Amino acid sequence: MNKQKSKEILDILKEIIENPKPELDFKNPYELIIAVVLSAQTTDKRVNIVTKDLFLKYPSSKDLACAEYSLVKEIISPLGLSSTKAKNIIALAQELEEKYNGIIPSDFDSLIALPGVGRKTANVVLALGFNIPAMPVDTHLYRMAVRLGYIRGDMDVVDAEIAYKKYIPKEEWTLAHHLFLLFGRYFCKALHPLCDNCKLKNYCKYKG
Ligand code: SF4
C-alpha cells in the first residue's frame with residue numbers, strides 16, 4: 001500500500017457509497033456508547049429496534065446505573081449475548097456516574113478503561129460522539145484492509161488501524177471508516193463478495 005493507491009481506493013469508494021453515515025441511531029454520546037456496546041455480534045438494525053425502548057426507559061446513565069438487571073436483559077434479549085451485555089451496560093453506566101458524573105469522557109484512555117468498551121467502541125465514540133479523528137476497525141474494516149492490501153492476512157485489527165491511519169489523511173479517517181464499513185457490509189461481504197462488477201478489482205488481492 002502507499003498513499004496514492006489508498007487515495008485512489010477512497011476516491012472510488014466515495015463514488016460507490018453515496019451519503020456515507022452511521023447506521024446506528026443515537027442522539028448523544030451516552031446513547032452512542034451504549035448502542036455500540038450492544039452492537040457486538042448483531043446488526044445495527046436490531047440494535048436500533050432495541051435501543052428505542054431501552055433509551056425511553058433509561059434516558060441517561062443515571063437511570064441505567066440504577067436499572068434492574070433482569071429488566072435490562074429482557075429488553076435487549078433480541079440481540080443475543082443479553083446476559084453479558086446487560087451486565088456490561090449497567091456497569092458502564094455505574095462507572096460513568098461514579099467517575100465522570102454521567103459525562104462521557106472524550107479521550108481514548110478513559111473510554112477504553114470503561115466496562116465493556118474495547119478499542120473499536122472507544123474509537124467510534126471519539127469519531128461519532130465527539131468529532132475527533134479516529135479509525136475504528138470492526139470486522140468489515142479488518143477484512144477490507146486485508147483484501148485491499150493495507151495489511152497482510154496474518155496481521156491483526158490494531159495493525160489494520162495503524163495502516164489505515166498511515167495511508168489515509170487524518171481529516172478523512174472518520175469518512176474512510178464509514179466508506180470501508182458500508183462497502184464491506186453491502187458489497188465486499190465476508191462470504192459472497194460482489195466481485196463481478198467491483199470497481200476496486202484492480203486494487204484487490206482477493207477478487208472472489
Ligand atoms: S473484488 Fe471482490 S473481494 Fe475485492 S474488493 Fe471487490 S468485492 Fe471485495
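How do the residues of the lining of the second largest pocket divide into nonpolar, polar and charged? I counted four nonpolar, two polar and four charged. In this scheme Ala, Val, Leu, Ile, Met, Phe, Trp, Tyr, Cys and Pro count as nonpolar, Asp, Glu, Lys and Arg as charged, and the others, Gly among them, as polar.

A note on what I am looking at: this is a predicted model, where local features need pLDDT of at least 70 and side-chain atom pairs count only at pLDDT 80 or more, while totals for chains, interfaces and linings use all residues. Residues are numbered from 1 along each chain as its sequence is written, and side-chain values use heavy atoms, with hydrogens and water left out.

My terms come next. On a 1 Å grid over the protein atoms alone, a cavity is a set of points where a 1.4 Å probe fits but cannot get out; a pocket is an open set with protein on both sides within 12 Å along at least five of seven lines, and lining residues have an atom within 4 Å of a point. Points are joined across faces, edges and corners, and a volume is the space filled by probe spheres set on them.

**Second largest pocket**

I found about 160 Å³ of space here. Among the lining residues are Asp-25, Phe-26, Lys-27 and Pro-59. The largest share, five residues, comes from α3 (helices are DSSP runs of H or I, at least four residues, numbered from the N terminus).

**Largest pocket**

This one has a volume of about 730 Å³. Of its 33 lining residues, I noted Ser-39, Asp-44, Lys-120, Asp-138 and Arg-185 as the closest to the centre. Which helix gives the most to this lining? It is α11, with six residues. By class I wrote down 13 nonpolar, 12 polar and eight charged residues. Domain 1 (3-21 + 134-203) and domain 2 (29-130) each supply at least three lining residues; the bounds come from an automatic or database domain assignment.

**Largest cavity**

My search for cavities of 30 Å³ or more found one, with about 110 Å³ of space. Its lining has 15 residues, and Phe-183, Cys-188, Cys-195, Cys-198 and Cys-204 lie nearest the centre. I sorted the lining into 12 nonpolar, no polar and three charged.

What takes up this space? The ligand does (more than half of its atoms lie within 2 Å of the grid points). Around the ligand I listed residues including Arg-147, Pro-193, Tyr-206 and Lys-207, each with a heavy atom within 4 Å of it.

Notes
Helix = DSSP H or I, 4+ residues; strand = E, 2+ residues; numbered from the N terminus.
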